[in-house]
Amino acid sequence: MRKANGMQLKDIPMAGGGITRTAYAFASRAHVSVGPLLKRANLSVQQVKNPRLRIAVKDQIKFLNLVAGKLQDEFLGIRLAQAIDLRELGLLYYVMASSDTLGDGLRRAARYSTIQNEGVQVKYHADKLVTVTFHYLGVPRQFDRHQIEFFITILLRACRKFSGLALVPLRVKLMHHRSRLPSEIKRLFGAHVEFACDADEVVYAGSIARAPSANADPYLNALLVRYCDEVIAKRRKNSTTWQLKVENAIVPLLPHGHARIGKVAAELGVSRRTLARRLAAEGLTFRKVLDSLRFDLARRYLREKELPISEVAWLLGYHETSALNYAFKRWSGSTPKRESNAESE
């Protein structure tokens with residue numbers, strides 16, 4: 001059902017590939033035959049072996065999903081982020097570490113986040129609360145689970161390391177669905193972790209912004225800021241298709257039953273007519289995008305054996321299970337129950 005989005009090579013968001021390389025090493029140590037997984041993710045051994053080569057963010061997400069499936073590790077992204085040396089973040093690590101306060105470090109990490117990953121833009125806001133949010137650019141959010149959980153875990157570790165405090169978030173919100181979170185991971189994330197939310201964000205008490213950085217170095221920081229500004233200035237800006245913009249706007253609206261063209265158009269800052277016209281230029285309609293997205297998500301959710309069909313229906317924005325049954329049969333010719341039994345990695 002999914003239509004190729006027609007993005008040109010120059011418009012594909014790229015990443016440094018550190019997560020991919022960490023996952024490759026992790027899987028290799030577990031004696032997994034990684035070559036076929038790389039091929040399925042449109043990656044090569046050369047890309048993984050050469051840290052100077054950048055990797056398409058969509059391919060990175062696919063590779064992480066494939067490795068997690070092969071290892072049967074549904075928390076792969078979190079485990080990778082717990083094991084990695086934070087210094088492997090490169091520029092982002094050092095510009096954060098050398099900042100005067102944790103708030104300064106987070107602000108700079110948000111400003112320069114696309115140096116490391118063009119597909120995810122980080123935003124920082126500090127007032128009574130400190131809020132760090134993650135926004136996907138030119139990459140479908142619905143296929144990702146491990147990369148975003150890697151980012152969240154890295155953020156939590158970095159906040160603790162740079163402040164020297166045992167900080168715990170007030171709240172962690174993630175857009176994808178999960179049925180459970182192990183107790184050892186809850187201790188890292190805090191007690192208030194929510195899934196199937198309208199945003200990917202971490203919230204701390206506002207006071208953490210003033211926490212002095214244990215490694216503050218104003219001279220080094222000034223040098224790094226100038227260098228990062230130069231990199232950002234040279235880096236081209238990614239465009240993205242309207243299909244991807246609409247999909248990423250729909251995902252958080254689905255469970256709440258608000259995935260309607262008027263609401264999505266308002267989220268994207270255009271009129272209904274403009275949105276319909278821009279989708280039509282890509283050979284699409286809002287209904288086609290919504291149906292395709294629901295079908296993709298339905299197949300993903302149905303792999304989770306502990307997830308009742310009624311909850312799958314709710315996550316997709318259907319008030320009744322019968323509505324999901326009808327839609328799924330229209331999409332695939334079979335019922336959600338039969339699809340669930342047939343699906344495998």
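This is a predicted model: local features need pLDDT of at least 70, side-chain atom pairs count only at pLDDT 80 or more; totals for chains, interfaces and linings use all residues.
Figure 1. Although A196 is not a glycine, its phi is positive, at about 55°. Most residues other than glycine have a negative phi. A196 is also one of the residues that line the second largest cavity.

**Figure 2. The second largest cavity and its lining.** The second largest cavity holds about 60 Å³ of space. Its lining consists of M175, A196, C197, V251, P252, L254, P255, L297, Y301 and L315. By class, this lining comprises ten nonpolar residues, no polar residue and no charged residue. The count of cavities of 30 Å³ or more comes to two.

**Figure 3. The largest cavity and its lining.** The volume of the largest cavity is about 90 Å³. Around this cavity stand R141, Q142, D144, R145, M175, H176, H177, V251, L297, R300 and Y301. The lining divides by class into four nonpolar, three polar and four charged residues. M175, V251, L297 and Y301 are among the residues lining the largest cavity, and these four are also included in the lining of the second largest cavity.

**Figure 4. H31, an exposed loop residue with a positive phi.** H31 is found in the loop between α1 (18-29) and α2 (34-40). Its relative accessible area is 74%, so H31 counts as exposed. H31 is not a glycine, yet its phi is positive, at about 65°.

**Figure 5. Helix α16 and its buried face.** Helix α16 covers residues 321-332, twelve residues in total. At 1.5 Å a residue, α16 should span 16 Å, and its end C-alpha atoms are 16 Å apart, which agrees with that expectation. The buried residues of α16 are L324, A327, F328 and W331. Seen down the helix axis, these buried residues fall within an arc of 100°, and therefore they line one face of α16. The exposed residues S322 and Y326 are carried on the face of α16 turned away from its buried side. G333 follows α16 and has a positive phi, near 85°.

**Figure 6. Cysteines C159 and C228, with no disulfide between them.** A disulfide is a covalent bond between the sulfur atoms of two cysteines. A search of the whole structure finds zero disulfides. C159 takes part in none, and the nearest cysteine sulfur to its own, that of C228, is 18 Å away. For C228 in turn, the closest cysteine sulfur is the one in C159; at 18 Å, this sulfur is too far for a bond. C159 counts as buried because its relative accessibility is 0%. C228 is likewise buried, with a relative accessible area of 0%.

Figure 7. A211 is located in the loop between β7 and α10 (218-234). With a relative accessibility of 8%, A211 counts as buried. Between A211 and L224 there are 13 residues of separation in sequence and 21 Å in space, C-alpha to C-alpha. V231 lies in helix α10 and is buried, with a relative accessible area of 15%. The C-alpha atom of V231 is separated by 31 Å from that of V270, the two residues being 39 residues apart along the chain.

**Figure 8. N65 in helix α4.** N65 forms part of helix α4, which covers residues 57-71. A relative accessibility of 18% falls under the 20% cut-off, and therefore N65 counts as buried. N65 and G103 are 38 residues apart in sequence, and their C-alpha atoms are 33 Å apart in space.

Terms used:
Residues are numbered from 1 along each chain as its sequence is written. Side-chain values use heavy atoms; hydrogens and water are left out. On a 1 Å grid over the protein atoms alone, a cavity is a set of points where a 1.4 Å probe fits but cannot get out, and a pocket is an open set with protein on both sides within 12 Å along at least five of seven lines; lining residues have an atom within 4 Å of a point. Grid points are joined across faces, edges and corners, and a volume is the space filled by probe spheres set on the points. Ala, Val, Leu, Ile, Met, Phe, Trp, Tyr, Cys and Pro count as nonpolar, Asp, Glu, Lys and Arg as charged, and the others, Gly among them, as polar. Helices (H or I, at least four residues) and strands (E, at least two) are DSSP runs, numbered from the N terminus. The expected span of a helix is 1.5 Å times one less than its number of residues. Buried means under 20% relative accessible area, exposed over 50%, partly exposed in between (1.4 Å probe, protein chains only). The arc is that of the directions from the helix axis to the C-beta atoms. A disulfide is a pair of cysteine sulfur atoms within 2.5 Å.
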